[in-house]
Amino acid sequence: MNCPYCGGNTKVTDKRHSPRGIRRRRECLKCKKRFTTYEKIAKSELYVTKKDGRREKFVREKLEAGILKAFEKRPISQEKIQKMIDEIEEQLRRRGKKEIKSSVIGEIVMRKMRKIDKVAYIRFASVYRDFEDIKDFKKELRGLWKKK
């Protein structure tokens with residue numbers, strides 16, 4: 001890497017992991033000035049294919065908002081919820097595909113929610129599966145208790 005002050009070559013004097021990525025302290029071999037650089041992995045863009053065929057960028061905040069709404073007023077820690085969201089995003093990225101169907105995302109979310117909190121799971125399922133009446137709730141509840 002070239003020095004931002006004089007353009008000379010630099011050497012790395014210290015390397016550490018940080019929340020912002022890999023932190024490197026560098027020193028210019030010519031002018032001896034020091035500076036810090038950060039290196040982080042560029043995540044590839046993910047796209048979500050909706051039920052109606054539309055494509056849109058994957059936005060973690062949208063996923064998070066839906067999940068947080070289902071967990072509202074439930075006795076589950078924010079750390080546990082955030083860990084679940086991180087796991088979902090990681091699972092989606094590990095698939096190695098640029099496009100993921102919204103139905104696949106929904107099923108992954110529901111599978112994880114079912115393990116953490118049954119009430120939040122039913123809340124999410126009612127919106128995700130577009131429940132129309134009490135029969136839909138009863139059917140989902142019966143399936144929930146069978147899967148124990």
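Which residues of helix α4 (residues 118–128) are buried? The model is predicted.

1. **Buried residues of α4.** Ala120, Tyr121, Ile122, Phe124, Ala125, Ser126 and Tyr128 are buried in α4, which spans residues 118–128. Their cover includes α1 (60–71), α3 (102–116) and α5 (134–146).

2. **Ends of α4.** Asp117 sits at the start of the helix, where one of its side-chain oxygens comes within 3.3 Å of the backbone nitrogen of Val119. After the helix comes Asp130. The phi of Asp130 is positive, near 55 degrees.

3. **α4 against α5.** The axes of these two helices lie 11 Å apart, and the packing angle is about 140 degrees. At that angle α4 counts as oblique to α5, because the roughly antiparallel class takes only angles over 145. The crossing of α4 and α5 is right-handed. On the α4 side, the contact is made by Lys118, Tyr121, Ile122, Ala125 and Ser126. On the α5 side, Phe137, Glu140, Leu141, Leu144 and Trp145 take part. By class, the residues of the contact of α4 with α5 are seven nonpolar, one polar and two charged. Tyr121, Ile122, Ala125 and Ser126 belong to this contact and are also among the buried residues of α4.

4. **α1 against α2.** How do α1 and helix α2 (residues 78–94) cross, and at what angle? Their axes come within 11 Å and cross at roughly 140 degrees. That puts α1 oblique to α2. The crossing of α1 past α2 is right-handed. From α1, the residues in contact are Arg60, Leu63, Glu64, Ile67, Leu68 and Phe71. From α2, they are Gln78, Ile81, Gln82, Met84, Ile85, Asp86, Ile88 and Glu89. The residues of the contact of α1 with α2 comprise eight nonpolar, two polar and four charged.

5. **Gly66.** This glycine lies in helix α1. Is Gly66 exposed, partly exposed or buried? Gly66 is partly exposed, because its relative accessible area is 31%, between the 20% limit for buried and the 50% limit for exposed. Gly66 and Val127 are 61 residues apart along the chain, and their C-alpha atoms are separated by 9.3 Å. α1 is also one of the elements that cover the buried residues of α4.

6. **Two lysines with positive phi.** Lys73 belongs to the loop between α1 and α2. Its phi is near 65 degrees, a positive value in a residue other than glycine. Lys73 counts as exposed, because its relative accessibility is 80% and the cut-off for exposed is over 50%. Lys32 is in the loop between β2 (21–28) and β3 (34–39). Lys32 is likewise a residue other than glycine with a positive phi, here near 70 degrees.

7. **Val12.** Strand β1 (residues 10–18) holds Val12. Val12 is partly exposed, with a relative accessible area of 41%. Which residues does Val12 contact, leaving aside neighbours within four places in sequence? They are Arg24, Arg25 and Arg26. From Val12 to Phe137 the C-alpha distance is 60 Å, and the two are 125 residues apart in sequence. Phe137 is one of the α5 residues in the contact with α4.

Definitions and conventions:
Residues numbered from 1 in each chain as written. Heavy atoms only, no water. Buried < 20%, exposed > 50% of the residue type's maximum accessible area, 1.4 Å probe, protein only. Helix = DSSP H or I, 4+ residues; strand = E, 2+ residues; numbered from the N terminus. Contact = heavy atoms within 4.5 Å. Polar contact = N/O pair within 3.5 Å; in protein donor to acceptor, adjacent residues only side chain to side chain. Axes fitted to C-alpha atoms, helices over the stretch in contact; angles between N-to-C directions. Parallel < 35°, antiparallel > 145°, perpendicular 65-115°, else oblique. Left-handed = near helix turned anticlockwise from the far one by under 90°. Nonpolar A, V, L, I, M, F, W, Y, C, P; charged D, E, K, R; others polar.
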